[in-house]
Amino acid sequence: MVFAKLWLVGLLVAVLFVAAIPPTTTPIIVNNELPGQDPASVIAPAQPCPDVTTAQVAAAEGRMVELLERNRLELQTEIAQTVAATAEADQRMTQLGERLRLAENAAAERKAELRGIRGAMIAPLVMTWVIVAAAAGVVVVGGCWAIRARRTRKQGRNATRTGTKE
């Protein structure tokens with residue numbers, strides 16, 4: 001603990017010593033340049049190059065212009081083809097949209113017709129069920145009548161048999 005306190009006191013003394021010393025008057029050199037020196041005066045002006053490549057540069061510029069013109073024409077051709085294909089696709093999409101609308105209208109008309117037919121078919125369907133129910137009632141009544149008649153005949157025979165035996 002004593003060592004830590006001594007170390008902190010030494011650090012404090014060092015900081016105060018550095019703060020108490022005034023800065024020097026010598027200039028600070030950065031990248032081998034003095035602060036007041038003009039960078040343009042240090043660099044010597046370059047000598048112009050002799051013009052020996054003008055023909056080569058002109059030929060290269062001509063080739064570059066031809067290449068740029070050819071690429072521009074190819075790009076314009078591709079753009080025109082793309083625009084034509086897009087216009088054709090738009091036209092087809094418009095035609096398909098109209099066909100789809102016509103088909104949807106036809107389907108809606110068919111649905112309306114089917115609803116009308118179903119509405120018209122309800123009355124015959126009800127009548128059919130009423131007739132079937134009436135026929136079933138007639139069959140049940142007729143069956144009951146036949147069973148009663150049979151019982152009556154059977155009882156009449158039994159009565160004649162028992163009457164003759166006596």
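Guide: The model is predicted. Its mean pLDDT is 83, and 81% of the residues score at least 70. The protein has three helices and zero strands. Along the sequence the pattern reads α-α-α.

Start with helix H3. H3 covers residues 54-165 and has the highest confidence in the protein, at a mean of 89. Helix H2, residues 39-42, has the lowest, at a mean of 53. Where pLDDT is low, the predicted coordinates should not be read in detail.

Now the charged pairs. How many salt bridges does the structure hold? The structure holds two.

Take glutamate 69 and arginine 72. They form a salt bridge, and their closest N and O atoms are 2.3 Å apart. Why are these two partners about one helical turn apart? Because they sit three residues apart in helix H3, glutamate 69 and arginine 72 are separated by about one helical turn. Glutamate 69 has a relative accessibility of 35%, so it counts as partly exposed. Arginine 72 has a relative accessible area of 39%, so arginine 72 is partly exposed as well.

Next, glutamate 88 and arginine 92. Their side chains meet in a salt bridge, at 2.8 Å from N to O. Both residues lie in helix H3. The spacing here is four residues, about one turn of the helix.

H1 spans residues 2-20 and includes leucine 11. Its 19 residues reach 27 Å from first C-alpha to last, close to the 27 Å expected at 1.5 Å a residue. H1 is hardly covered: the count of buried residues in it is zero. Leucine 11 is partly exposed, at 42% relative accessibility. Together with Phe3, Trp7, Leu8 and Val15, Leu11 makes a nonpolar surface patch of about 580 Å².

Last, the whole protein. Buried residues make up 1% of its 166 residues. The protein exposes about 15,800 Å². Carbon and sulfur atoms supply 67% of that area.

Conventions. Residues are numbered from 1 along each chain as its sequence is written. This is a predicted model: local features need pLDDT of at least 70, side-chain atom pairs count only at pLDDT 80 or more; totals for chains, interfaces and linings use all residues. Side-chain values use heavy atoms; hydrogens and water are left out. pLDDT is the predictor's confidence in each residue, from 0 to 100. Helices (H or I, at least four residues) and strands (E, at least two) are DSSP runs, numbered from the N terminus. A salt bridge is a side-chain nitrogen of Lys or Arg within 4 Å of a carboxyl oxygen of Asp or Glu. Buried means under 20% relative accessible area, exposed over 50%, partly exposed in between (1.4 Å probe, protein chains only). Patches are made of residues with over 30% relative accessible area and no salt bridge: like charges are joined within 9 Å, nonpolar side chains (Val, Leu, Ile, Met, Phe, Trp, Tyr) within 5 Å. Accessible areas come from the Shrake-Rupley method with a 1.4 Å probe; for residues, only the protein chains shown count as cover. The expected span of a helix is 1.5 Å times one less than its number of residues.
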